[in-house]
Amino acid sequence: MELDLAREFYRKMLLIRRFEEKCVELYSKEKIRGFLHLYIGEEAIAVGIMDALSPEDAVFTTYRDHGQALARGIQPNRILAEMYGKVEGCSRGRGGSMHLFDAHTHFYGGNAIVAGGLPLAVGMALADKMMKRNRVTVCIFGDGAVAEGEFHESLNLAALWHLPVLFVCENNGYAMGTALEFTESETNISLKAAAYRISSRQVDGMDVVAVAEAAQEAVSEIRAGNGPVFIECLTYRFRAHSMFDAERYREKSEVEEWKKKDPLLLLHQRFPNIDIDKYETEIVQIIDEAVDFAENGTLESIDDLEKFVYSCEVIP
Amino acid sequence: MSEKITYREAVRKGIREAMENDKRVFLMGEDVGHYGGSYAVSMGFLELFGSERIIDTPLSESAFTGAGIGAALGGMRPIVEIMTVNFSLLALDQIMNNAATLLHMSGGQFNVPLVIRMATGGGKQLAAQHSHSLEGLYAHIPGLKVLIPATVQDAYDMVALALADPDPVLIFENVMLYNIKGELDTEALPLVIGKAKTERTGKDLTILTYGISLFKALEAAEILSSEGIDAEVIDLRSLRPLDDETIMNSVAKTHRVMIVDEGWKSGSISAEIMARINEQAFFELDAPMGRVCTVEVPIPYASHLEQAALPSTEKIVTMGRKLMEKS
Ligand SMILES: Cc1ncc(C[n+]2csc(CCOP(=O)(O)OP(=O)(O)O)c2C)c(N)n1
Ligand SMILES: [Mg+2]
């Protein structure tokens, strides 16, 4: 792989990492509220997947969505403003951390109902097929989603109708505090997709290069009209599920073991020429600017509370 | 014996004692075991009762709720925990098409002694997929019973009360109440389903409410009282069945009514209560009835908007004044 691309990947992953570390700080200062789910440790997936997309492609993801939003190119300013509940936020302060949306980048959320995004992605791909748009819809979800009926129903529909969907499972081994082996009789998730006759594979989700290659390949298969593809990314979340999690369900040593596979570390080991310090400096500035932007944002008038329930309030 | 504990501890104690007293009782739901319950109600239960009776389920609301119905049919006394009321919509099919109907469809042969607990309500900035109050929606369904403990005492008592019932009972626990402390008398008289409780007596105005809104209503009643308005505050406790008798008796005394409900107004339980008062006590009314409900919008994330959407003490006071002006 090109050094330039490796640099770009590193920069994006570092931006996500530092952005979320700032979020933790802001959460403890009560600037950000609600649930805050961190992506730290899983950055390689969002960065690797988004790299394979064109600007027209559509994205559906879960409540753990900061990494995907940043990697997709939503401005850090607008993401942070959203978490501050400000009008300048990418969802006007209506959604918060779990519900980032952005029409410009075809980013359809930020869904906090586990597996809720899968049927939507299927429908988006159906529309593309019917309207003869050569687009790919990416649908990202956790290992927990695999147990929901909507997962199975959606995979079946996508395969049956031969739809251009890229399913990406972020398998971090846990759904909140429940390990996968307590909830799945078959813990190899890619096999489930294969059972629906979907072209399916498992990749090392800590390795951004591996994710990016798998994504490229998958996207070209889909664009060639070969129907849906499923990628299971094996990964780990370094932090608690959310800000209210005592982590009684896992050993510290397990976390430490996975930290040896930190995606930033792995990439730097492979490309020692990446100038980390340069990116650190650059990113501190970006984040400081985002904090300023969010701090100086405006709170929506309470008179507008009932806006956006029906489209007549949106479309002039 | 009386002690001061939190609402969370009260629910916890209720479940623990039920499990100790009856081997048929078990708890199942997402993260009830290893994690300790998403709101820490079952913390330590896995160690106490083992994984056969404290069952961590996959994220399969429809399947494990349905399995609860099946286990109830099979002679067990399951307590199914659904993390948040919004997720119960994934199990709505099982609750409405099976739990609520089997007794009737089978001509009375098969009852479903199932308890479903879920967290409800707004106020934590969790936005539109985690913050709603759908207990009124469940109260629409014949075959179900809908309990809403507001106080620590009820949070404890209602667990045993629900388990003792031969039919499906839903218990809604407001997320903002878990840390609230209150008095628990473990030797209190047993409750019956469908009995409201008058928490404050008054002669000028009846405030009908339930769940967390009870505390807002009580606070508002104090403020109104300083203005010379003597409000009676009734905790409905059960939305299905409703305690018509207590409601109508109070209306006959005060002749003015306000309903405070964290659900949306349209098609809500507050609308049902108004309709019943119209049917049963119309000529007792001295003024049109009033309502304080959640503004008809999916709950927004931003704190100031969320707070503006929910019922508040202030809104109740304002409504109280308005109702007293009319005569
Ligand atoms: C339908 C539904 N049920 C339960 C929840 C509560 N919940 C939120 S996240 C979560 C765990 C999901 O785990 P996973 O899909 O593996 O994603 P991860 O958090 O690991 O990224 C649960 C149980 C929910 N949001 N939606
Ligand atoms: Mg997971």
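## Two domains of chain B

The centres of domain 1 and domain 2 of chain B, taken over C-alpha atoms, are 26 Å apart. Domain 1 of chain B covers 2-185, and domain 2 covers 197-325; the bounds come from an automatic or database domain assignment. This is a predicted model: local features need pLDDT of at least 70, side-chain atom pairs count only at pLDDT 80 or more, and totals for chains, interfaces and linings use all residues. Residues are numbered from 1 along each chain as its sequence is written, chains are lettered from A and ligands numbered from 1 in the order in which they are written, and side-chain values use heavy atoms, with hydrogens and water left out.

Domain 1 of chain B puts 31 residues into the contact, and domain 2 of chain B puts in 25. Contact means heavy atoms within 4.5 Å. About 2,100 Å² is buried between these two domains, and carbon and sulfur atoms give 59% of it. Buried area is the accessible area (1.4 Å probe) that two parts lose on being put together, summed over both. On the domain 1 side, B:Gln125, B:Ile148 and B:Ala150 lose the most area to domain 2 of chain B. Together they give 25% of what that side buries.

One salt bridge is found across this domain interface. The term needs a side-chain nitrogen of Lys or Arg within 4 Å of a carboxyl oxygen of Asp or Glu. B:Asp154 and B:Arg237 meet in a salt bridge through their side chains, at 2.8 Å from N to O. The interface of domain 1 and domain 2 of chain B also has 13 residue pairs in polar contact, both residues at pLDDT 80 or more. A polar contact is a pair of N or O atoms within 3.5 Å; within protein, one must be able to donate a hydrogen and the other to accept it, and residues adjacent in sequence count only if both atoms are side-chain atoms.

## Chain A against chain B

Here 38 residues of chain A touch 36 residues of chain B. The two chains bury about 3,100 Å² between them, 65% of it on carbon and sulfur atoms. In chain A, the residues that lose the most area to chain B are A:Met176, A:Arg248 and A:Leu305, together 20% of what that side buries.

A:Arg248 also forms a salt bridge with B:Glu47, with the closest N and O atoms 3.8 Å apart. The count between the two chains is one salt bridge. Polar contacts link 14 residue pairs across the interface of chain A and chain B, both residues at pLDDT 80 or more.

## The ligand site

Ligand 1 is surrounded by 21 residues, each with a heavy atom within 4 Å of it. The closest are A:Tyr63, A:Arg64, A:Ala112, A:Asn172 and B:Glu61. The site is shared between chains because residues from chains A and B surround ligand 1.

Polar side-chain atoms reach the ligand from both chains. A:Asp143 places one 2.9 Å from an oxygen atom of ligand 1. In A:Asn172, a side-chain N or O atom is 2.8 Å from an oxygen atom of ligand 1. B:Glu61 has a polar side-chain atom 2.5 Å from a nitrogen atom of ligand 1. Taken alone, ligand 1 exposes 580 Å², and the protein buries 97% of that; accessible areas come from the Shrake-Rupley method with a 1.4 Å probe, and for residues only the protein chains shown count as cover.
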